[in-house]
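Hello,

Here is the structure I promised to pass on. Please open it and keep it beside this email as you read.

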Amino acid sequence: MTEHDLAILGASVVDGSGAPAKRAEIYISGDRIAAVRPPGTREPAREIVEADGLVLAPGFIDVHTHDDMALIKTPLMPSKVSQGVTTVITGLCGYSPAPLPPGTKLPEEYDILIPERGKIFERFSGYLDAVAQAAPAVNSLALVGHSTLRIAAMTELSRPATPDEVASMQRLLDKALEDGAAGLSSGLAYAMAKASETDELVALCERLASRAAPYVTHIRDEGDYLVEAVDEALTIGRRAGVPVIFSHHKALGQHNHGKTRETLAMIDAACGCQTVGLDVYPYSYSSTSLTVERARRGGKIVVTRSATMPECVGLTVDAISERLGCDPEEAVRRLQPAGALYHLMDEDEVRRVLIHPLAMIGSDGLPFDPMPHPRLWGTFPRVLGHYVRDQGLLSLESAIHKMTGLPARMFRLEGRGVVEPGAFADLVLFDPDRIADRASPSSPDNAAEGVARVWINGRSPGAGTGRRLTSSPA
Ligand code: ZN
Ligand code: CU
């Protein structure tokens with residue numbers, strides 16, 4: 001019998017499919033799972049990990065990240081590896097670092113993605129090469145951003161694209177897809193893309209259809225016009241014939257709480273005739289750039305970054321306006337460019353979305369925010385500790401499916417997201433009694449507890465253990 005590289009013995013194996021946990025011995029050779037055997041088989045292996053009392057699962061897939069540049073700047077990716085994440089999907093909410101012509105002046109809203117001005121890539125392949133050169137620890141799959149295409153193809157973003165501009169965005173998108181982009185994301189709530197019309201999105205999504213690449217969308221409105229915005233996204237997917245994935249699905253603003261009941265029903269109804277997915281982060285407060293418009297929605301707003309008044313980080317807009325002796329809107333203006341946490345969501349809504357059968361887990365963390373939303377370091381352990389163990393909201397098997405098998409199927413990541421012979425050995429071993437998020441708004445980069453070991457392509461996470469992934473053909 002050949003000797004395996006590694007044996008993981010005694011663990012309760014949750015295989016990512018949603019099937020019940022079962023005790024098994026897992027054997028790894030090279031970058032693959034070589035065998036899954038009943039307890040007590042004991043095949044020879046060079047390294048043995050005794051894992052009694054621990055859960056072994058496929059490495060988590062973070063389907064919604066803004067790690068595009070983090071893969072290059074912090075390739076060991078501690079914020080993700082510490083949670084058991086082995087794959088990140090980048091290029092969300094309409095932002096990607098490519099394709100952008102050299103010298104492009106980026107709007108301020110791009111601060112969340114690219115901390116250093118000028119670090120942009122003309123070809124999508126240029127970005128992917130830079131990631132490869134940085135040799136990140138985690139696997140990655142990259143989407144191209146609709147706002148990025150607009151910036152590259154248009155002179156003025158505050159209006160709909162002309163037919164010529166749509167055509168040039170289509171060409172840029174085609175090239176990016178050829179280079180290895182796995183789909184298109186949009187951020188229609190942001191200034192850069194707000195003026196785009198439904199037809200513009202349909203024309204772009206049509207370019208995805210032959211590859212069955214997904215349209216992943218931060219919809220136009222997550223508050224008063226949430227239902228209309230969901231309807232628009234479903235229409236775009238249907239007209240173009242592509243899968244639609246709703247990013248960070250939620251209802252913002254107290255008077256809109258309860259609306260996800262309706263939007264989830266719309267999504268369920270649409271499933272009969274089109275492919276739909278969604279992702280969610282397990283917190284009832286959100287995080288994005290601070291604007292006067294967003295401040296007008298009310299609710300508690302905590303400043304997380306400000307270029308002009310960094311001393312105000314951690315304070316509420318109300319406290320800052322009091323300190324400055326001006327009204328809150330003026331305070332927001334003086335803080336620009338800035339970011340904030342918004343307390344506008346309802347816990348019941350978060351729970352409802354989390355347990356929806358199509359809901360995947362995505363952190364939406366902002367790695368270059370000096371005071372990032374705790375979801376950057378806490379998302380996956382929070383689901384497993386807080387919502388599964390402490391609250392009993394969903395089963396461990398279902399939660400892990402949302403982090404592994406389900407996203408692998410939606411993004412067609414062959415051989416990922418499952419524990420079975422022949423699959424890639426992306427694995428996480430954790431203590432189900434101890435796993436917990438430790439990141440909080442005041443200590444946002446506290447690493448989670450309870451993750452014992454992580455393997456990426458069969459190796460302990462380190463330089464170059466991650467790979468560039470592509471979606472398998474439809
Ligand atoms: Zn977003
Ligand atoms: Cu996002």
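Below are some notes on the metal sites and then on the domains.

This is a predicted model, where local features need pLDDT of at least 70, side-chain atom pairs count only at pLDDT 80 or more, and totals for chains, interfaces and linings use all residues. Residues are numbered from 1 along each chain as its sequence is written, chains are lettered from A and ligands numbered from 1 in the order written, and side-chain values use heavy atoms, leaving out hydrogens and water.

**The metals**

Start with the copper ion (ligand 2). Its protein donors are His64 (NE2), His66 (NE2), Cys93 (SG) and Asp364 (OD), at 2.1 to 2.4 Å. Donors here are N, O and S atoms within 2.8 Å of the metal (3.2 Å for Na, K and Ca); water is not among the atoms, so sites may look incomplete. Along the sequence, the copper donors follow the spacing H-x1-H-x26-C-x270-D.

What are the angles among the four donor atoms of the copper ion (ligand 2)? They run from 85 to 161°, and the site is irregular. Four donors count as tetrahedral if all angles lie between 85 and 135 degrees; four count as square planar and six as octahedral if opposite donors are over 155 degrees apart and all others between 65 and 115; anything else is irregular.

His64 counts as buried because its relative accessibility is 0%. His66 is buried too, at 1%. Buried means under 20% relative accessible area, exposed over 50%, partly exposed in between (1.4 Å probe, protein chains only).

Now the zinc ion (ligand 1). Cys93 (SG), His218 (ND1) and His248 (NE2) are its protein donors, lying 2.0 to 2.2 Å away. Their sequence spacing is C-x124-H-x29-H. Cys93 bridges the zinc ion (ligand 1) and the copper ion (ligand 2), which are 3.2 Å apart.

**The domains**

The chain divides into domain 1 (58–284 + 345–414) and domain 2 (286–343), with bounds from an automatic or database domain assignment. The contact (heavy atoms within 4.5 Å) takes 18 residues from domain 1 and 13 residues from domain 2. The centres of the two domains, taken over C-alpha atoms, are 25 Å apart.

Three salt bridges are found across the interface of domain 1 and domain 2. A salt bridge is a side-chain nitrogen of Lys or Arg within 4 Å of a carboxyl oxygen of Asp or Glu. Lys194 and Glu293 form a salt bridge through their side chains (3.4 Å, N to O).

Best wishes
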